[in-house]
Amino acid sequence: ILMSKKQLVLAYYGNEAAADEAVEALKQWDKASKEIKLGAIGILAKDHKGKVKTHKVGKRNTGLGVVLGAIAAVLSGGLTLIGGVVGGGIIGALFHKGLGISKEDMAKIDGHLNDGKAAVGVLVKLDEVEALTAKMAELGGMAAESFEVSDEAVEEAVAAANAEPAAEDAATEGEAAPEA
């Protein structure tokens, strides 16, 4: 069975406002172009405490949301994400099945997010990478890079995300149900 691959393209912007502007421009470009069909677009940035967060990725259980969420979780050294908690199963599925991001790449991504910078991430087909990278550069994106992500890894991670209860539910259940 031939596994289909997607590419996670990340480009870095001077700050979150610039990243937000790039996202809006990419959405307009996507609508105007028949050749390009971008999926979800998300942003990675560090909060004031240096924790990496994701936003504008739509529902957290979509492919891009899960991929960016896993990167944010790993870079923050924890599993807490905005809008819920992503468990180790999701990260395990992504990293063992083919989120093509090495420890060195993770360190590089982390460094690019310092000093208030933000990354825009888009999950696309291989044949869209070149056009997307060029468009991101045109919009001020720097050091654009792409990582191969297998559809199988994304599907497993999405399934894991959908199977896990939301953080609030898990916390409430834990308090309400005494140990048997």
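Which residues is Ile71 in contact with, leaving aside its neighbours within four places in sequence?

**View 1. The whole chain, a predicted model.** This is a predicted model, in which local features need pLDDT of at least 70, side-chain atom pairs count only at pLDDT 80 or more, and totals for chains, interfaces and linings use all residues. Residues are numbered from 1 along each chain as its sequence is written, and side-chain values use heavy atoms, with hydrogens and water left out. You can find seven helices and seven strands here; helices (H or I, at least four residues) and strands (E, at least two) are DSSP runs, numbered from the N terminus. Along the sequence they come in the order β-α-β-β-α-β-β-α-α-β-α-β-α-α. Of the chain's 180 residues, 44% count as buried, where buried means under 20% relative accessible area, exposed over 50%, and partly exposed in between (1.4 Å probe, protein chains only).

**View 2. Ile71 and the largest nonpolar core.** Here is the reply to the opening question: Ile71 is in contact with Leu8, Leu44, Ile101, Met106 and Ile109, leaving aside neighbours within four places in sequence. A contact means heavy atoms within 4.5 Å. The largest nonpolar core has 24 residues, and Leu8, Leu10, Leu44, Ile71, Ile109 and Leu113 touch the most other members. Such a core is a set of buried Ala, Val, Leu, Ile, Met, Phe, Trp, Tyr and Cys residues joined through side-chain atoms within 4.5 Å. Two or more residues each come from β1 (5–13), α2 (63–76), α4, β6, β7 and α6, and α2 gives the largest share, seven residues. A second, separate core of 20 residues has Tyr13, Ala22, Ala45 and Val120 among its members.

**View 3. Gln7, a buried residue in strand β1.** Gln7 lies in β1 and counts as buried because its relative accessible area is 7%. The side chains of Gln7 and Ser146 are joined by a polar contact of 3.3 Å. (A polar contact is a pair of N or O atoms within 3.5 Å; within protein, one must be able to donate a hydrogen and the other to accept it, and residues adjacent in sequence count only if both atoms are side-chain atoms.) Not counting residues up to four places away in sequence, Gln7 also touches others, including Val122, Val124 and Phe147.

**View 4. Helix α6.** Helix α6 covers residues 151–163, and the 13 residues should span 18 Å at 1.5 Å a residue, which agrees with end C-alpha atoms 18 Å apart. The expected span is 1.5 Å times one less than the number of residues. Look for the buried residues of α6: Asp151, Ala153, Val154, Ala157, Val158, Ala160 and Ala161.

**View 5. Two residues with positive phi.** Asp115 is not a glycine, yet its phi is positive, about 60°. Asp115 sits in the loop between α4 (103–112) and β6 (118–125) and is exposed, with a relative accessible area of 72%. Ala143, also not a glycine, has a positive phi of about 50°. Ala143 belongs to strand β7 (residues 142–150) and is partly exposed, at 41% relative accessible area.

**View 6. Where to read with care.** The chain averages a pLDDT of 76, and 72% of the residues score at least 70; pLDDT is the predictor's confidence in each residue, from 0 to 100. Over residues 79–86 the pLDDT is below 50, although this stretch has 19 contacts in the model beyond near neighbours in sequence. Residues 166–180 also stay under 50, with three contacts beyond four places in sequence. Where pLDDT is low, the predicted coordinates should not be read in detail.
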